[in-house]
Amino acid sequence: MAFAAPSLKGRALRYLAQREHSRVELERKLARHAEDSAEASAAEQIAAALDALQAAGLLNEARVAESVLAHGAPRFGARRLRQTMQSKGLAPELIAQTLEQARGSELERALELWRRRFGSAPADASERARQMRFLAGRGFEAELIRRVVPPAGAGADTDASDFASDLE
């Protein structure tokens with residue numbers, strides 16, 4: 001017994017059941033399965049399916065942004081979160097609004113990430129540079145990184161929060 005291929009709307013629902021997707025993401029994924037027909041082009045069919053999902057409240061860009069923030073904020077800085085949201089095709093205003101929520105806790109998040117990964121002050125300049133590159137790769141700003149990573153040779157008992165307290 002063979003099953004019929006799911007409709008575009010059915011595929012989109014399956015994707016949305018797994019996690020929040022933006023309209024742009026779903027358009028990309030559905031484009032692989034859509035074919036032009038006599039009634040409508042593939043792009044029109046995809047648009048119609050996504051319009052129906054959006055009208056039903058199942059496709060919501062604000063929820064996508066909140067999801068990125070909830071899942072990414074503990075591990076990433078504002079630059080990386082912005083990049084992720086841009087790749088999902090979210091509106092610049094929504095991205096800016098969402099990142100504004102994350103900015104208040106960015107120092108604490110960077111400090112916690114640094115503590116989990118390294119836990120102690122770097123022994124020398126090359127170790128400090130390595131720790132700083134790690135945080136930069138996670139999308140934290142340079143000024144914030146300088147405040148989180150203690151100077152090299154600050155001592156094993158020195159905690160980064162001693163240096164980060166100057167920020168507040």
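**Figure 1. Helices α2 and α3 meet, with axes that come within 10 Å and cross at roughly 140 degrees.** The model shown here is predicted. Helix α3 covers residues 42-55. The crossing of α2 past α3 is right-handed. On the α2 side, the contact uses Arg23, Leu26, Glu27, Leu30 and Ala31. On the α3 side, Ile46, Ala47, Leu50, Asp51 and Gln54 take part. Sorted by class, the contact of α2 with α3 has six nonpolar residues, one polar residue and three charged residues.

**Figure 2. Helices α1 and α2 cross at roughly 125 degrees.** Helix α1 spans residues 8-18, and helix α2 spans residues 23-31. Their axes come within 10 Å. With this angle, α1 and α2 are therefore oblique to each other. α1 passes α2 in a right-handed crossing. From α1, the contact takes in Leu8, Arg11, Ala12, Tyr15 and Leu16. Leu26, Lys29 and Leu30 of α2 complete the contact. The contact of α1 with α2 holds six nonpolar and two charged residues, and no polar ones. Look again at Leu26 and Leu30: these α2 residues take part in the contact with α1, and they also take part in the contact with α3.

**Figure 3. Helices α4 and α5 form a contact with no charged residues.** Helix α4 runs over residues 61-72, and helix α5 over residues 78-87. The two axes come within 10 Å and cross at roughly 145 degrees. Here too, the crossing of α4 past α5 is right-handed. Ala65, Val68, Leu69 and Gly72 are the α4 residues in the contact. They meet Leu81, Thr84 and Met85 of α5. Five residues of the contact of α4 with α5 are nonpolar, and two are polar.

**Figure 4. The protein chain has ten helices and zero strands.** Read along the sequence, the pattern is α-α-α-α-α-α-α-α-α-α. The protein chain has 168 residues, and 36% of them are buried. How much of the contacts with a separation of 6 or more comes from residues 24 or more positions apart? Such residues account for 59% of those contacts in the protein chain. The protein chain exposes about 9600 Å².

Notes. Residues are numbered from 1 along each chain as its sequence is written. This is a predicted model: local features need pLDDT of at least 70, side-chain atom pairs count only at pLDDT 80 or more; totals for chains, interfaces and linings use all residues. Side-chain values use heavy atoms; hydrogens and water are left out. Helices (H or I, at least four residues) and strands (E, at least two) are DSSP runs, numbered from the N terminus. Buried means under 20% relative accessible area, exposed over 50%, partly exposed in between (1.4 Å probe, protein chains only). Contact means heavy atoms within 4.5 Å. Accessible areas come from the Shrake-Rupley method with a 1.4 Å probe; for residues, only the protein chains shown count as cover. Axes are lines fitted to C-alpha atoms, for helices over the stretch in contact, and angles run from 0 to 180 degrees between N-to-C directions. A crossing is left-handed if the near helix is turned anticlockwise from the far one by less than a right angle, and right-handed if clockwise. Ala, Val, Leu, Ile, Met, Phe, Trp, Tyr, Cys and Pro count as nonpolar, Asp, Glu, Lys and Arg as charged, and the others, Gly among them, as polar. Angles under 35 degrees count as roughly parallel, over 145 as roughly antiparallel, 65 to 115 as roughly perpendicular and the rest as oblique.
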